[in-house]
Amino acid sequence: MNVTSSPGNIGALPPKRAHNSTWKDVAIANGSVVSIALFFIVVCVVFSLITNSFLTTPNLLNIVRQSAPLLIVAAAMTFVITAGGIDLSVGSVLALTATLSAVLLQAGLPWPLVVIAMLALGAAVGALQGFFIAYERIPAFIVTLAGLSVIRGVALLITGGYSIPVEPTSFFVNIGRAWFLGVPVPALLALVVLIIAYLAFNRTPFGRYVTGIGANAEAVRRAGVDTRFMMLFVYILSGMAAAVAGIILAARLGSGSSNAGQGFELDVIAAVVLGGTSLFGGRGTIIGTVLGALTVAVIGNGLILAHMSPFLTPIVTGTIILVAIWLNFRLFKGATRSR
Amino acid sequence: MMSDGETYRVRMTGISKRYGPIQTLDDVSLNLKPGEVLGLVGDNGAGKSTLSKVLSGAVIPDSGSIEIDGKVVSFSSPADARAARVEMVYQDLSLCDTVDVAGNLFLGREPRRRVLGIPFLDNRRMHDETREMLDRLGIVIADTRLKVENLSGGQRQSIAIGRAASFDPSVLIMDEPTAALAVAEVEAVLDLIRAVSARGVSVILITHRLQDLFLVCDRIQVMYEGRNVAERKIGDTSIEEVVNLIVGRKFVARSARASRDEAVQP
């Protein structure tokens, strides 16, 4: 699988050879997506065979309903990681927005205002972290690790550690529980976010700059792009996505818990990396992220249906991530190598 | 000095720059005519990179003046130089490996198509214009959708030069464009330099590969320890003479500047 073309072919590239490298390029570009798609199918087939209830419409809809927060945040995280960053604070932002939305609803605020306030809060948290990362040049890992701790702490402080109930008659709970055209609303929200993310990532200058910054930030800066603002902006996206996830979770569970989303950031990063996005930046795929997130969700669901101990889930998930990335790394060297 | 009354594209006079105790540039001049290819040579630390950065706006000189097409200019950033149509191809090429050929050529100025007010990439136009641009400059790349990381060193260099040329510059500065290239690739890059200068672009070529100078340059300017030491028309000199000028030995003997003798000893 060697893709480097031999030197000296600049002036006389034979068409045959050029065709080959194009084909290989496409295979490498999509190799990670192809491998995660195969993995996804294998996991689905295994659970369909060993359980009776996996491959039923209610269960499949249940999976997409439950994985909506993961899908939404993973889509935003794909931008962050492709730009060469990381956001460890998304689980904490999810917990904070879930609890605060329950608190604000209890205080009598109308639900649309609560939703807008939570989105603004997510954006503000993202902007603050993005400022330290993009303008003050502190490594994203450190900034968002601090954010993970501080934001979770704020959520715990507000609630005193208790979960705050949401009035079941409030329209708010529909965001997490309603069905529309036979599909759960959270799944529809996730679908909308994913379509927007796909278009933004692949079809807009913004998506191009995110990839470029991950590959060679200095080149993008020299081309006259405001790379620092772009870096800040991807953290605004991940903060807002985490807020959406928090709202959906609070609405679905009918309560806001400051302990929600423990380890959620790791599931999100696992989904993104499993999908073939490079942790080194410069390479990302939204389709891969969707498949990665669904794989993580299906494993969790399938193990429960197979009456296995739920404590097996993290073990199996972790093992599959390592094996999948390892295969990916071996079979499609281009997909995960660093620059 | 060449002073035959013609209008110069670039006229740099009395440029000096000091970094702490080191006088990097000491009263240096540089003249360039339209469409001319000037080879700028000198040993490491001779000041050729700094001089080119002064012209590209990346370094602000302590003193001296720059005229472009007879007008005095003062650059405080690379953006100013670009506005005056001076482009520089950096030695590290400034390419994004995981972005395709067209994406790199149009980085930062992608053709856009608005749908519902949202700017989308106009991919078809971008690839069509890239193809046109590559053909015009004689750069052979099979597919504009190839990622740059899959190209050879010479192809990457060509993309970087093509990118600079596409800004329609009047002056193009190239820092070591042929370093670390295979023989056939050097030829292709030199062809590209000829093609660019044939379109009226003045080129400043910084290189350690002296044989390249004799293939593309009209004139050679030699720098030594921050000074201009010699200027030769390409027909009036030889590779041996240029080597001696760069190293400085014969130069010391020829001019009577004995005070520099100690510094010159290898």
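Before anything else, I wrote down the angle classes: under 35 degrees counts as roughly parallel, over 145 as roughly antiparallel, 65 to 115 as roughly perpendicular and the rest as oblique. The angles run from 0 to 180 degrees between N-to-C directions, and the axes are lines fitted to C-alpha atoms, for helices over the stretch in contact.

Housekeeping next. This is a predicted model, where local features need pLDDT of at least 70 and side-chain atom pairs count only at pLDDT 80 or more, while totals for chains, interfaces and linings use all residues. Residues are numbered from 1 along each chain as its sequence is written, and chains are lettered from A and ligands numbered from 1 in the order in which they are written.

**Entry 1: a helix pair in chain A.** The axes of α3(A) and α9(A) are 7 Å apart, at an angle of about 50 degrees. That makes α3(A) and α9(A) oblique to each other.

**Entry 2: a helix pair in chain B.** I found α5 (residues 153-165) and α6 (residues 183-198) of chain B crossing at roughly 10 degrees, with axes that come within 9 Å. So α5(B) and α6(B) are roughly parallel to each other. Ile161(B) of α5(B) and Leu192(B) of α6(B) are among the contact residues.

Entry 3: Which residues does Val73(A) touch, leaving aside its neighbours within four places in sequence? I listed Val90(A), Ser238(A), Ala241(A), Ala242(A), Ala245(A) and Val268(A). In helix α10 (residues 264-274) of chain A, 10 of the 11 residues are buried, so the helix is largely enclosed by the rest of the structure.

Entry 4: Most residues other than glycine have a negative phi. I noted that Arg137(A), not a glycine, has a positive phi of about 60 degrees. Arg137(A) sits in the loop between α4 (111-135) and α5 (140-159) of chain A. Is Arg137(A) buried or exposed? It has 9 C-beta neighbours inside 10 Å, so Arg137(A) counts as exposed. Asp27(B) also has a positive phi, about 55 degrees, and lies in strand β2 (residues 22-32) of chain B.

How values were computed: Two residues are in contact if their C-beta atoms, placed from the backbone, lie within 7 Å. A residue is buried if 20 or more other C-beta atoms lie within 10 Å of its own, exposed if 12 or fewer, and partly exposed in between; C-beta atoms are placed from the backbone. Helices (H or I, at least four residues) and strands (E, at least two) are DSSP runs, numbered from the N terminus.
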